Amino acid sequence: MTKYKPHTPYVGVGIIGLNKKNEILVIRRAHKLAGGYHTWAIPGGGVNYGEHFLDSAKREFKEETGLCLIEPKIFCITNDNAGQFHWITITVIGRVKDEKVILQEDEVDAYKWVKPTNIPKPWYKIFNTLVSTPEWQQFRKKPRANSLTL
């Protein structure tokens with residue numbers, strides 16, 4: 001796990017992975033030191049130095065869920081001051097090839113495929129910012145990977 005310096009901005013990715021039923025994959029965070037212990041969110045993590053954010057999204061999604069993300073696209077960008085930490089999160093959306101999840105158990109201890117209107121709680125603090133965006137409100141009504149364009 002990366003050690004983060006307080007009062008420093010970081011870039012992260014959040015990943016909305018859709019199955020054939022237009023359900024999204026949500027995970028329950030299990031790493032006690034990462035913050036948001038036992039809260040629900042979409043998969044995600046930090047962008048590594050020199051890494052393209054779409055490559056980061058594919059990598060993080062694969063690491064946390066064992067699934068491949070197909071044709072990720074920008075969904076929205078959010079800005080969070082979470083205590084001492086400042087995250088700029090690029091959320092991407094894409095389809096998944098298959099639904100056989102293999103969890104990264106040191107960071108994730110549960111998952112669910114859910115409709116965007118039925119996400120379990122409690123939510124990870126940064127996830128609250130995502131669900132309050134106009135993009136998410138539009139997505140809730142019509143959850144499709146190609147329903148949004150920038």
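Colleague: I'm looking at W136: buried or exposed?
Modeller: W136 counts as buried, at 2% relative accessibility. Buried means under 20% relative accessible area, exposed means over 50%, and partly exposed is in between, with a 1.4 Å probe and protein chains only.

Colleague: What am I looking at, and how are things numbered?
Modeller: This is a predicted model, in which local features need pLDDT of at least 70, side-chain atom pairs count only at pLDDT 80 or more, and totals for chains, interfaces and linings use all residues. Residues are numbered from 1 along each chain as its sequence is written, and side-chain values use heavy atoms, with hydrogens and water left out.

Colleague: Back to the rings. How many aromatic pairs are there?
Modeller: The count is 6 aromatic pairs. Rings of Phe, Tyr and Trp (its six-membered ring) pair if their centres lie within 6.5 Å; planes under 30 degrees apart are stacked, over 60 edge-to-face, and the rest tilted. One of the pairs is W123 with F127, edge-to-face because the ring centres are 5.4 Å apart and the planes stand at 90°. F127 also pairs edge-to-face with W136, at 6.0 Å between centres and 80° between planes.

Colleague: Which residues do the ring pairs link into a cluster?
Modeller: The cluster holds F75, W123, F127, W136 and F139. Within it, F127 is buried at 3% relative accessibility, while W123 is partly exposed at 23%.

Colleague: Changing topic: how many salt bridges does a search of the whole structure find?
Modeller: The search finds 5. A salt bridge here is a side-chain nitrogen of Lys or Arg within 4 Å of a carboxyl oxygen of Asp or Glu. Among them is D109 with R28, whose closest N and O atoms are 2.8 Å apart. D109 is in strand 7 and R28 in strand 2, so this pair ties together parts 81 residues apart in sequence. Strands are DSSP runs (E, at least two residues), numbered from the N terminus.

Colleague: How exposed are those two, D109 and R28?
Modeller: Both count as partly exposed: D109 at 31% relative accessibility and R28 at 24%.

Colleague: You mentioned strand 2. Which strands does it pair with?
Modeller: Strand 2 pairs with strand 7 (residues 108–114) in the antiparallel sense over 6 bridges, and R29 has V108 as its bridge partner there. Strand 2 also pairs with strand 3 (residues 40–41), again antiparallel, over 2 bridges; I27 is partnered by A41. Two strands count as paired if DSSP finds at least two bridges between them.

Colleague: How many residues of strand 2 are buried?
Modeller: 5 of the 6 residues in strand 2 (residues 24–29) are buried, so the strand is largely enclosed by the rest of the structure.

Colleague: And cysteines: how many disulfides does the search find?
Modeller: It finds 0 disulfides, a disulfide being a pair of cysteine sulfur atoms within 2.5 Å. C68 is partly exposed at 35% relative accessible area, whereas C76 is buried at 3%.

Colleague: Last one: where is I77 found, and is it buried or exposed?
Modeller: I77 is in strand 5 (residues 69–82), and it is exposed, with a relative accessible area of 55%.

Conventions
Helices (H or I, at least four residues) and strands (E, at least two) are DSSP runs, numbered from the N terminus.
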